[in-house]
Amino acid sequence: MTIPAEPLGDVHVNRRDSGYEQREPPFGAVARDLVALTKPRVTVIVVATMLGGAWVANRFAHEQGRPGVSPAVVMLSLLATVLVVGGANTLNMYLERDTDGFMARTKNRPLPAGRISPQLALWFGLAISALSLVLFGLVVNMTTTLLAAFALFSYVLIYTPLKRKTTLALLIGSVPGAIPPLLGWTTVTDRIDGPGAALFGILFLWQVPHFLAISMFRSRDYQRAGLKVLPIERGDRHTRHHIVGYLVALVLVSLLLVPLGVAGPVYLASAALLGLGFLGFGAWGLRPTVLGTRWARRLFAISIVYLMLLQAALLIGA
């Protein structure tokens with residue numbers, strides 16, 4: 001649910017909104033474009049972190065002598081999570097269809113490329129978002145339903161418009177972006193407590209260096225689109241220091257799962273080694289001789305490997 005110059009004034013005409021007059025595409029092409037609106041690659045991370053939260057919560061519940069939930073409930077909650085994230089991403093793309101047309105990495109998305117109509121994208125996003133909340137409410141529990149609704153509305157209605165106004169949009173958007181593991185946790189526990197908050201904190205803190213790295217090597221794109229990102233507003237050096245600061249916090253919070261009782265020595269050793277490696281590469285970027293763009297691309301790739309390996313360590317060493 002997880003960012004990145006010229007304002008889009010009245011003189012800019014969006015051909016997708018002003019006519020959409022082209023031959024009707026085949027159903028298969030439309031279906032593929034609708035799926036693309038949900039950002040399937042982002043969904044992979046959502047699935048992994050949500051299931052990780054549910055897995056750890058179930059094990060923790062059994063260790064505490066409390067009942068867990070059935071695999072069927074977890075799978076239905078996962079489906080609802082995928083739908084709510086997909087709905088948020090679709091509505092985000094609908095609102096940013098003009099902005100996406102200015103950026104090299106987004107100009108070929110279905111809406112700026114004109115392959116589907118904005119109206120279809122809007123109704124699709126609203127439909128799967130509504131379906132997700134109904135599914136959460138009927139099958140899971142009210143705590144998870146409210147968290148999902150908060151993530152949806154804060155991502156679409158707060159984070160998305162703020163991207164053009166302030167660099168703080170990154171932190172605001174990282175809140176709904178960090179909710180999937182908490183959805184997994186509350187699916188089982190029906191409450192927000194220390195371990196669930198720590199899972200949320202890990203993903204929240206991970207997103208900041210991850211997306212700051214993207215904004216460093218995509219800064220020209222963001223500038224053309226008029227989006228407020230730290231490298232443009234405060235400079236490359238300031239951004240690197242921010243990355244290192246959040247990496248320090250990430251390492252510390254990742255270790256909290258051990259004293260909170262949801263992870264053991266295997267996870268502790270893995271989290272410490274992974275965290276120090278991630279932090280070390282981030283700190284290496286503070287050297288003035290290190291090329292920012294190349295380093296940022298590598299940091300971006302390392303961040304994904306770090307998250308997946310940390311997730312695996314949590315499942316194995318919980």
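Q: Is Arg 191 buried, partly exposed or exposed?
A: In this predicted model, Arg 191 has a relative accessible area of 37%, so Arg 191 is partly exposed.

Q: Which residue forms a salt bridge with Arg 191?
A: The partner is Asp 193, and the closest N and O atoms are 3.1 Å apart.

Q: And Asp 193, buried or exposed?
A: Asp 193 is buried, because its relative accessible area is 18% and the cut-off for buried is under 20%.

Q: How many salt bridges does the structure hold?
A: There are seven salt bridges. One of them joins Lys 163 to Glu 96, with the closest N and O atoms 3.0 Å apart.

Q: Where do Lys 163 and Glu 96 lie?
A: Lys 163 is in the loop between helix 6 and helix 7, while Glu 96 is in the loop between helix 3 and helix 4, so the pair ties together parts that are 67 residues apart in sequence.

Q: Are those two buried or exposed?
A: Lys 163 and Glu 96 are both buried.

Q: What about Arg 240: which residue does it pair with?
A: Arg 240 forms a salt bridge with Asp 236, and the closest N and O atoms are 2.6 Å apart. Both residues belong to helix 12 and sit four residues apart, about one turn of the helix.

Q: Are Arg 240 and Asp 236 buried or partly exposed?
A: Arg 240 is buried, with a relative accessible area of 4%. Asp 236 has 32% relative accessibility and therefore counts as partly exposed.

Q: Staying with helix 12, how do helix 12 and helix 13 cross?
A: Their axes come within 9 Å and cross at roughly 180°. Helix 12 and helix 13 are therefore roughly antiparallel to each other.

Q: Which residues make the contact?
A: From helix 12, the contributors include Val 244, Leu 247, Val 248 and Leu 250. From helix 13, they include Tyr 267, Leu 268, Ala 271, Ala 272 and Gly 275.

Q: What is Val 266 part of?
A: Val 266 forms a nonpolar surface patch with Trp 55, Leu 315 and Ile 316, and together they have about 400 Å² of accessible area. Val 266 is placed in helix 13 and counts as partly exposed, at 46% relative accessibility.

Q: Changing topic: how many residues of helix 8 are buried?
A: In helix 8 (residues 179–189), 11 of the 11 residues are buried, so this helix is largely enclosed by the rest of the structure. Among them are Ile 179, Pro 180, Trp 185 and Thr 189.

Q: What covers the buried residues of helix 8?
A: The cover includes helix 2, helix 3, helix 5, helix 6, helix 7 and helix 9.

Q: Which residue takes a positive phi just after helix 8?
A: That residue is Asp 190, with a phi of about 60°.

Q: Lastly, where does Lys 107 lie, and what does Lys 107 touch?
A: Lys 107 lies in the loop between helix 4 and helix 5. Not counting residues up to four places away in sequence, Lys 107 touches Asp 100, Gly 101, Pro 112 and Ala 113. At 43% relative accessibility, Lys 107 counts as partly exposed.

Technical notes: Residues numbered from 1 in each chain as written. Predicted model: local features only at pLDDT ≥ 70, side-chain atom pairs only at ≥ 80, totals over all residues. Heavy atoms only, no water. Patch = residues over 30% accessible without salt bridge, like charges linked within 9 Å, V, L, I, M, F, W, Y side chains within 5 Å. Areas by Shrake-Rupley, 256 points an atom, 1.4 Å probe, with all protein chains shown as cover. Salt bridge = Lys/Arg side-chain N within 4 Å of Asp/Glu carboxyl O. Helix = DSSP H or I, 4+ residues; strand = E, 2+ residues; numbered from the N terminus. Buried < 20%, exposed > 50% of the residue type's maximum accessible area, 1.4 Å probe, protein only. Axes fitted to C-alpha atoms, helices over the stretch in contact; angles between N-to-C directions. Parallel < 35°, antiparallel > 145°, perpendicular 65-115°, else oblique. Contact = heavy atoms within 4.5 Å.
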